[in-house]
Amino acid sequence: MKPHGHGQAPRRPNIGITPDFSASRPDSQFSYYELKVPYADAVLRAGGLPFVLPYSDELACVDAYLDRISGLLVTGGAFDIPPEAYGETAREGMGPLKLSRTAFETALMRGALKRGMPVLGICGGMQLLNVVLGGTLHQDIGREVKGAHEHEQKHDRTHPQHPVDVKDGTLLAEALGKGQLMVNSTHHQAAQRMGAQVVVSAVSPDGVVEAIESTQYGFALGVQWHPELMLNTVPVHVGVYRLFIQKAREHRR
């Protein structure tokens, strides 16, 4: 990285963020891209420059996006990954699908990983990271994980729901510190079998996997919670975004 002049802040790396998608609303004939403001706020606070990436099924467009960003943030949403993506069929408890979104995010993630670009997956983005790396998912925690606690909190999501144990020696521990950490929880699916060279870096007390990272790539991290929603209530969570942005800055050519 080139040295900067005295007092000059380092240049912000471009961070691509995947938006959600919703069909037309009652007052409009058009569909909508949607992105919760805290995702962009977290990238800005951590030193990055956020860019929203509209969907495309053209690989040339995906490559063009990747040419222009230094890190990829794959967000969460109220939908599930098609079980066919990890060699299974739908079981009871599966939620709605968003096939165009999943196809786009999969292509982006594969392309970013191939380039060695830092990837951060949040909630559903973590689940997709595990699937892209060859893993599987619990299609519904309540039905498939014996003794599981509630993972879809009903109270304010800017406040935590349960603890997780962050494993020592992981990227996540570098970002947040090892040991117990309180997190929020808004998911009904979770990583089941880990993908190739995927390490579990945090678990909840009921055994549900809460964070993963790849040892095959420089920075490919997924967390099951939403750190961007707790920047003001549990400020330590900004560490996830700070480490991601630091790696993106180092990756930028």
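Predicted model: local features only at pLDDT ≥ 70, side-chain atom pairs only at ≥ 80, totals over all residues.

## The cavity

A cavity here is a set of points on a 1 Å grid over the protein atoms alone where a 1.4 Å probe fits but cannot get out, and lining residues have an atom within 4 Å of a point. Residues are numbered from 1 along each chain as its sequence is written, and side-chain values use heavy atoms, leaving out hydrogens and water.

Which residues line the largest cavity? They are Val-74, Gly-77, Phe-79, Asp-80, Ile-81, Thr-102, Glu-105, Gly-124, Gly-125, Gln-127 and Leu-128. Helices H3 and H4 (124-132) are the elements that give two or more residues to this lining; helices (H or I, at least four residues) and strands (E, at least two) are DSSP runs, numbered from the N terminus. The lining divides into four nonpolar, five polar and two charged residues, where Ala, Val, Leu, Ile, Met, Phe, Trp, Tyr, Cys and Pro count as nonpolar, Asp, Glu, Lys and Arg as charged, and the others, Gly among them, as polar.

## Helix H4

H4 gives the most to the lining of the largest cavity, with four residues. Eight of the nine residues of H4 are buried, so this helix is largely enclosed by the rest of the structure. Buried means under 20% relative accessible area, exposed over 50%, and partly exposed in between (1.4 Å probe, protein chains only). Among the buried residues of H4 are Met-126, Leu-129 and Val-132. After H4 comes Gly-134, with a positive phi near 105°.

## The nonpolar cores

The largest nonpolar core has 35 residues, and Ile-15, Leu-73, Leu-120, Ile-122, Leu-172, Trp-225 and Tyr-241 have the most contacts inside it. Such a core is a set of buried Ala, Val, Leu, Ile, Met, Phe, Trp, Tyr and Cys residues joined through side-chain atoms within 4.5 Å. Its largest share, seven residues, comes from H7. Apart from this core lies another, of 30 residues, including Leu-53, Met-109, Leu-129 and Val-198.

Key: 1 Å grid on protein atoms, 1.4 Å probe; cavity = no way out; pocket = protein on both sides within 12 Å on 5 of 7 lines; lining within 4 Å.
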